[in-house]
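This briefing concerns salt bridges and helix packing. Please read it alongside the sequence and the three-dimensional structure shown below.

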Amino acid sequence: MIDKFDILTSTAVPLNIENIDTDQIIPARFLKTTHKEGLGSNLFYDWRYDWEGHPQSGFVLNDGKYKGSILITGKNFGCGSSREHAAWAIRDAGFKAVVSSHFADIFRNNALNNGLLPVQISEPFLAGLFKQTEAFPETLLTINLEKQTIRYENETETFDLSPYKKECLLKGFDDIDYVLSIRKKIQAFEEQR
């Protein structure tokens, strides 16, 4: 089971960098675990901390004025290797959705499989969202999964999502939970054969 996702209203953390690869999201030296818990503290580690482990001033995750459960990023987020730990680290850091104008396919699938919603929006909408949230950190965003919309202030845009993954997120199902939920249909089909 994963957390159900329906409507999320939150402030956001604007990470206005393009082409963020999975090694920046969670450096390889932190991949020795098979547990999803505890990875959030290593999210963007090489950007967040100096070589002695002290927080880097100027990095958005270290700036107390930016908080929330929505991460806004530049285009081509999650490129690079297919490490599932990237989605785990983002979720463990408290984010429930990532907003970008483009996601790497493998990252998108890993995110969806782990209850993290990747919201892909247009470049102009993303530019406006960065401008708004960087200037006004208290800006609330609302992501409505059922309607597949994202809204801030008076701006709204729709986003695409696989109907199967949408159903899974709405019900809090991972792939196994989904199969178990339709087991009677599967049994009925098998009995007809």
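In this predicted model, the count of salt bridges comes to 5. Three of these pairs are described below, including one between Asp 46 and Arg 29.

**Salt bridge between Asp 46 and Arg 29**

- The closest N and O atoms of Asp 46 and Arg 29 are 2.4 Å apart.
- Asp 46 belongs to helix α2 (residues 45-48), whereas Arg 29 sits in the loop between α1 (22-25) and α2, so the bridge ties together parts separated by 17 residues in sequence.
- Asp 46 is classed as partly exposed because its relative accessibility is 36%, a value between the limits of 20% and 50%.
- Arg 29 likewise counts as partly exposed, with a relative accessibility of 45%.

**Salt bridge between Asp 175 and Lys 165**

- Asp 175 pairs with Lys 165, and their closest N and O atoms are 3.0 Å apart.
- Asp 175 is in helix α7 (residues 175-181) and Lys 165 is in helix α6 (residues 163-171), so this pair ties together parts that are 10 residues apart in sequence.
- The relative accessible area of Asp 175 is 36%, which makes this residue partly exposed.
- Lys 165 is buried, its relative accessible area being 13%, because buried means under 20%.

- Glu 167 forms a salt bridge with Lys 171, with 2.9 Å between the closest N and O atoms.
- Both Glu 167 and Lys 171 lie in helix α6, where a spacing of 4 residues corresponds to about one turn of the helix.
- Glu 167 is partly exposed at a relative accessible area of 29%, and Lys 171 is also partly exposed, at 39%.

**Packing of α3 with α4**

- Two packed helices are described by the angle between their axes and the distance between those axes.
- The crossing of α3 past α4 is right-handed.
- On α3 the contact involves Ala 86, Ala 87 and Ile 90, and on α4 it involves Phe 107, Asn 110 and Ala 111.
- The residues of this contact comprise 5 nonpolar and 1 polar, with no charged residue.

Terms used:
Residues are numbered from 1 along each chain as its sequence is written. This is a predicted model: local features need pLDDT of at least 70, side-chain atom pairs count only at pLDDT 80 or more; totals for chains, interfaces and linings use all residues. Side-chain values use heavy atoms; hydrogens and water are left out. A crossing is left-handed if the near helix is turned anticlockwise from the far one by less than a right angle, and right-handed if clockwise. Helices (H or I, at least four residues) and strands (E, at least two) are DSSP runs, numbered from the N terminus. Contact means heavy atoms within 4.5 Å. Ala, Val, Leu, Ile, Met, Phe, Trp, Tyr, Cys and Pro count as nonpolar, Asp, Glu, Lys and Arg as charged, and the others, Gly among them, as polar. A salt bridge is a side-chain nitrogen of Lys or Arg within 4 Å of a carboxyl oxygen of Asp or Glu. Buried means under 20% relative accessible area, exposed over 50%, partly exposed in between (1.4 Å probe, protein chains only).
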